[in-house]
Amino acid sequence: MRIAAVADIHLGEDLRGHYRKKIEGIERRADVLLVGGDLTRHGTIAEGRVVAEELSGLPIPVVAVLGNHDYHSDHNQEIIDLLRDAGITVLDDEGTVVPVDGVRLGVAGGKGFGGGFAGKCASEFGEPETKAFVRHTKDIAERWRRALKELDADHKIVLSHYSPVKDTLMGEPPEIYPFLGSYMLAEAADAEGADLFIHGHAHAGTEKGVTPGGIRVRNVALPVIKHAYTVYCLNGDDC
């Protein structure tokens, strides 16, 4: 099964039609397209409409999550509704099963959140604001764990905006790692198992990493992969 993936496409009205041209013929290279958040620049409804136009009507299924930019203008739910109305599956801390040539592909996830990584992470202690920050990620991770467990699928992928490991953040300033991902996202995936973990967000990061439990992690932020999308196979990276 061929998985096309990209994140951080940051579309705006000035790019209307631009990204669509770059993904023409994607059905010849991939069976499904996964988009890992930061679909827009500022999370406006107008930008959300552009994203819906660019990604709708493709010959292959499209599954997406939102990123932090898509929340900026507080229109995240409206953007989700626009995309779903256009036939795009949008995950908001939940799972879905996509049938591909008789094989059931399960995808679980959502935006994710930060907090840092083992040994250098925030803890649920102290001020209410700090506890709320960590608790938010903990709640998300638990919803993902349940979603993965409930998927009746032959293969499972986690789709996120934030990273589950620091491997794919290499190249970013270490000081901002806690705002780029959390180890709790990896724990959720490792607890229930998955074939692949896709994320974005870290524009200056590294493509390849692995969770402590051995799940392949791929940072598909557009500035990292440097193409309109990249393609992975579930039995290995080379298709």
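Strand β2 (residues 32-36) and strand β3 (residues 62-65) run parallel and are joined by four bridges. Helices (H or I, at least four residues) and strands (E, at least two) are DSSP runs, numbered from the N terminus, and two strands pair if DSSP finds at least two bridges between them. This is a predicted model, in which local features need pLDDT of at least 70 and side-chain atom pairs count only at pLDDT 80 or more, while totals for chains, interfaces and linings use all residues. Residues are numbered from 1 along each chain as its sequence is written, and side-chain values use heavy atoms, with hydrogens and water left out.

**Annotated domain**

- The unreviewed UniProt entry places the feature "domain: Calcineurin-like phosphoesterase" at residues 1-204; UniProt positions follow the numbering used here, feature names are shortened, and annotations may be inferred rather than shown by experiment.
- Residues 1-204 are 29% helix and 22% strand, and the end C-alpha atoms of this stretch are 28 Å apart.

**Five-stranded sheet**

- Five strands form an open sheet with mixed pairing, in the order β4-β3-β2-β1-β13.
- β4 (89-90) and β13 (230-233) are its edge strands, and each pairs on one side only.
- Leu34 has Val63 in β3 as its bridge partner.

**Six-stranded sheet**

- Six strands form an open sheet, again with mixed pairing, in the order β5-β6-β9-β10-β12-β11.
- β5 (94-100) and β11 (208-210) each have a single partner strand, so one side of each edge strand lacks a neighbour in the sheet.
- On average, neighbouring strands of this sheet are turned by 25 degrees against each other, direction ignored.
- Val100 has Val103 in β6 as its bridge partner.
- The hairpin of β5 and β6 has two residues between the strands, and Asp101 takes a positive phi near 50 degrees there.
- Lys208 has Arg218 in β12 as its bridge partner.

**Packing of α2 and α3**

- Helix α2 (residues 45-55) packs against helix α3 (residues 76-85) at an angle of about 25 degrees, with the axes 9 Å apart; axes are lines fitted to C-alpha atoms, for helices over the stretch in contact, and angles run from 0 to 180 degrees between N-to-C directions.
- α2 and α3 are therefore roughly parallel to each other (angles under 35 degrees count as roughly parallel, over 145 as roughly antiparallel, 65 to 115 as roughly perpendicular and the rest as oblique).
- α2 passes α3 in a right-handed crossing (a crossing is right-handed if the near helix is turned clockwise from the far one by less than a right angle, and left-handed if anticlockwise).
- Ile45, Gly48, Arg49, Val51 and Ala52 of α2 are in contact (heavy atoms within 4.5 Å) with Glu78, Ile79, Leu82 and Leu83 of α3.
- The contact of α2 with α3 has six nonpolar, one polar and two charged residues, where Ala, Val, Leu, Ile, Met, Phe, Trp, Tyr, Cys and Pro count as nonpolar, Asp, Glu, Lys and Arg as charged, and the others, Gly among them, as polar.

**Packing of α4 and α5**

- The axes of helix α4 (residues 128-150) and helix α5 (residues 183-192) cross at roughly 20 degrees and come within 8 Å.
- This makes α4 roughly parallel to α5, and α4 passes α5 in a right-handed crossing.
- Residues of α4 in the contact include Trp144 and Arg145, and those of α5 include Met184 and Glu192.
- By class, the contact of α4 with α5 has 10 nonpolar, one polar and four charged residues.
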